[in-house]
Amino acid sequence: MRAVTGTEELSVSDLPDPVAGPGEVVIDVVAAGVNRADILQRSGHYPPPPGASDVYGLEVSGTIAEVGEGVQGWSVGDEVCALLAGGGYAEKVAVPAVQVLPVPAGIDLVTAAALPEVACTVVSNLLLTAHLRPGELLLVHGGSSGIGTHAIQVAHALGARVATTARTPEKRARAESLGADVTIDYTTEDFADVVKRHGGADVILDIMGAKYLAQNVSALRSGGRLVVIGLQGGTKAEINLGALLAKRASVHGTTLRSRPVDGPGSKAEVVAATLEHTWPLIAAGTVVPVVDAVFPLADATAAHDRVTGGDAIGKVLLQVR
């Protein structure tokens, strides 16, 4: 099979076809999602977890080509998308069956590749970790990103109010069209001050880490929950524990890629919750995948550049077939 390898300049290489082990399926990949985790892996800062493929790619869509021993509920030819620990930038990938999702009604097979990573990230953090409730205020950093565009829609559908940061008028307008109630130009406004004028955030979904830690704590209201899922702004910062205690607030740090396949807190648990909570919203058209651009597999470097360039709104995809 063909797969993307390399670091400085990505290229397509020939690798052996994967084989479905017990509990796994092999997917003939139609498209793969491009994520910042792939770019971090490329720079040597986010290696695959033990046992995972070192081929880039944390999500795919396609058709099932092989079903391993003990797998139930899936058949050869089923159209699916899947959450991966790696291996997505390729013509075929083996994946635990518990990480596979049906393509939602009304979504084409290429676009479906934009869903697994963002949908599972949002469910695992907003629902399973922060327990976002109707009427609460959610602050989403990076509202025009793949995760941001999805989180805005899911929170809005749940009856929460949504504030988000976005750099350009185009990005803020897109966030508003997806359901954001408050949009903040973080280059000219202090997002914490803006959020506090709206009563403070009950939940913050943060991709920046250290750079925003103090402001995030300041923006929380009593009982607020800060969930850090990215470290684009650094890994180390001081925290005012007095402010945190006074607000009875909490800080959570989570990842998705390194979770175990099965058991408490596993990918299987997150995928099942995503199928229960998010897939009906997508099938109803309440939540829609937002795709910025689709590149051919051979142009993986250009796809990475589109993500790191900061102008993308929504997901960037690689079309494999």
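Me: Accessible areas come from the Shrake-Rupley method with a 1.4 Å probe. On that basis, what does the accessible surface of the protein come to, and what share of it belongs to carbon and sulfur atoms?

Reply: The model is a predicted one. Its accessible surface comes to about 13,100 Å², and 52% of that belongs to carbon and sulfur atoms. Of the 321 residues, 56% are buried.

Me: What makes the protein as compact as a globular protein of its length?

Reply: There are 10 helices and 15 strands in its secondary structure. The globule rule gives 20 Å for 321 residues and the radius of gyration is 19 Å, which is close, so the protein is as compact as a globular protein of that length. The C-alpha trace spans about 55 × 40 × 35 Å along its principal axes. Of the contacts between residues at least 6 apart in sequence, 66% join residues at least 24 apart.

Me: Why is Gly68 called buried?

Reply: The cut-off for buried is under 20% relative accessible area. Gly68 has 9%, so Gly68 counts as buried. Gly68 lies in the loop between strand E4 (59-67) and strand E5 (79-83). Leaving out residues up to four places away in sequence, Gly68 touches Ala20, Gly21 and Glu24. Pro96 is 28 residues from Gly68 along the chain, with 9.3 Å between their C-alpha atoms.

Me: And why does Ala94 count as partly exposed?

Reply: Partly exposed is the range between buried, under 20%, and exposed, over 50%. Ala94 has a relative accessibility of 25%, so Ala94 counts as partly exposed. Ala94 sits in strand E6 (residues 92-96). Beyond its neighbours within four places in sequence, Ala94 is in contact with Pro18, Val19, Glu24, Val25 and Val26. From Ala94 to Leu84 there are 10 residues in sequence and 8.9 Å in space, C-alpha to C-alpha.

Me: What makes H3 largely enclosed by the rest of the structure?

Reply: Of its 12 residues, 9 are buried, so H3 is largely enclosed. Among them are Thr149, His150, Ile152, Gln153 and Val154. The cover over the buried residues of H3 includes helix H2 (116-127), helix H4 (169-177) and strand E8 (137-140). Strands E9 (161-165), E11 (201-206) and E15 (315-319) are also included.

Me: Why is E9 described in the same way, as largely enclosed?

Reply: E9 has 5 residues and 4 of them are buried, so E9 too is largely enclosed by the rest of the structure.

Me: How do you know that E9 pairs with strand E10 (residues 182-184)?

Reply: Two strands pair if there are at least two bridges between them. E9 and E10 have 3 bridges, in the parallel sense, with Ala163 opposite Val182 in E10. E8 and E9 also run parallel, joined by 4 bridges, and Leu139 stands opposite Ala163 in E9.

Me: Which elements make right-handed β-α-β units with E9?

Reply: E8, H3 and E9 make one such unit. E9, H4 and E10 make another, also right-handed.

Note on methods. Residues numbered from 1 in each chain as written. Predicted model: local features only at pLDDT ≥ 70, side-chain atom pairs only at ≥ 80, totals over all residues. Heavy atoms only, no water. Buried < 20%, exposed > 50% of the residue type's maximum accessible area, 1.4 Å probe, protein only. Helix = DSSP H or I, 4+ residues; strand = E, 2+ residues; numbered from the N terminus. Contact = heavy atoms within 4.5 Å. Right-handed = clockwise from strand over helix to strand, strands pointing away. Rg over C-alpha atoms; globule rule 2.2 N^0.38 Å.
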